[in-house]
Amino acid sequence: MLFAVPFYYLFHSRLCWRSEQVSWVLINPIPIFALTIAGGHLPIVWHSLMFVLGFVAWQAVYEIGYIENDAITVKGEAEPTLRLTDKEAAFIESRLGLIVALRLLIAFLALAAMTWIAFQTQLQDHLIAFVAILVLSRIVFVVHNRIRNRFNVLTFGILSATKYVALPVLLTEPHHMVLSIVTALSVFPIVRTIEHATKNKYGFWRLKALVGGFAAFRVRYYLLVFLVFFAAAIRLADPVAFCDSMVLLYLLVYRGTVWEIMRRKIIQAREHIAF
């Protein structure tokens, strides 16, 4: 029952290539952890433990949406993206209830441990907010899997936002919360939602033309947001804002490196047919 194990389905269905797995680590847990460290106040051991437990609880629940989409929703699509073999899809469909139950049990156990830590570290309100965002993501994912029109751009954007905002909300101090949320949205959800909207099925042709190639677009995007955040950090003389701008600089360097590698044709990017 590996399909019930958090992170397994993500790597099995969406991050199949080693390069994709490395990229995910570089653009997801690393910058999110850095943002929580910059705006948090817990001792590093408690902070790291809450981060790991929160990540496990999040993936345990969030990946249910992936599983439902790949095993059930694709059946009603004219041009589905098939991420499972027929055997795997049939296995998941026949045991979906058990897989969901096991995942919810894992999430419950992780949240139970987080609750104990929250009472030791005065994070009860933060944990409630984290759970609320987790529930919201589950509801939006159900809606996302049941519709197939331009409204999916909005649901995709909300899902992407919840992935990056949940842990900063859990671990960031209240007076740094707004900054952490805005930075978290700038780290990936905004740029990824724009890219998602360029899929051919949505028909946003002007946006597609404006965005162009993703590699170059990401460099332009991160350059812009880094300059904005860095200027704001200097003006505010806020060390947390400065640290957040460094996270964006890190992503700018990463995306710039990827773009240069692709430009030199050292590696070739795989373009999804939907784009």
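Student: Which residues form a nonpolar patch on the surface?

Tutor: The model before us is predicted. In it, Val135, Ile139, Val143, Phe151 and Leu154 form the patch, and together they have about 430 Å² of accessible area. Two elements, α7 (124–146) and α8 (151–171), each give two or more residues to it. Helix α7 provides the largest share, three residues.

Student: Why is Val143 called partly exposed?

Tutor: Val143 is found in helix α7. Its relative accessibility is 33%. Buried requires a value under 20%, and exposed a value over 50%. The value for Val143 lies in between, and therefore Val143 counts as partly exposed.

Student: What makes Ser23 buried or exposed?

Tutor: Ser23 lies in helix α2 (residues 18–27). Its relative accessible area is 16%. Because the cut-off for buried is under 20%, Ser23 is classed as buried. As to its position, the C-alpha atoms of Ser23 and Val219 are separated by 15 Å, and these residues are 196 residues apart along the chain.

Student: How do you know whether Arg218 is buried or exposed?

Tutor: Arg218, found in helix α12 (residues 214–236), has a relative accessible area of 18%. This value is under 20%, so Arg218 is buried. Apart from neighbours within four places in sequence, Arg218 is in contact with Val191, Glu195 and Arg255.

Student: What makes a group of residues a nonpolar core?

Tutor: The residues must be buried, belong to a set of named types such as Val, Leu and Phe, and be joined through side-chain atoms within 4.5 Å. The largest such core here has 68 residues, and those with the most contacts inside it are Ile92, Met114, Phe130, Leu170, Val187 and Tyr222. Helix α4 (residues 44–71) supplies the largest share of this core, 13 residues. In soluble globular proteins, nonpolar side chains tend to be buried together.

Student: Which residues does Leu170 touch?

Tutor: Not counting residues up to four places away in sequence, Leu170 touches Met50, Met114, Leu123, His126, Leu127 and Phe130.

Student: How many disulfides does the structure hold, and why is Cys16 called partly exposed?

Tutor: The structure holds zero disulfides. Cys16 has a relative accessible area of 48%, which lies between the 20% and 50% cut-offs, so Cys16 is partly exposed. Cys243, with 36%, is also partly exposed.

Methods:
Residues numbered from 1 in each chain as written. Predicted model: local features only at pLDDT ≥ 70, side-chain atom pairs only at ≥ 80, totals over all residues. Heavy atoms only, no water. Buried < 20%, exposed > 50% of the residue type's maximum accessible area, 1.4 Å probe, protein only. Helix = DSSP H or I, 4+ residues; strand = E, 2+ residues; numbered from the N terminus. Contact = heavy atoms within 4.5 Å. Patch = residues over 30% accessible without salt bridge, like charges linked within 9 Å, V, L, I, M, F, W, Y side chains within 5 Å. Areas by Shrake-Rupley, 256 points an atom, 1.4 Å probe, with all protein chains shown as cover. Salt bridge = Lys/Arg side-chain N within 4 Å of Asp/Glu carboxyl O. Disulfide = S-S within 2.5 Å.
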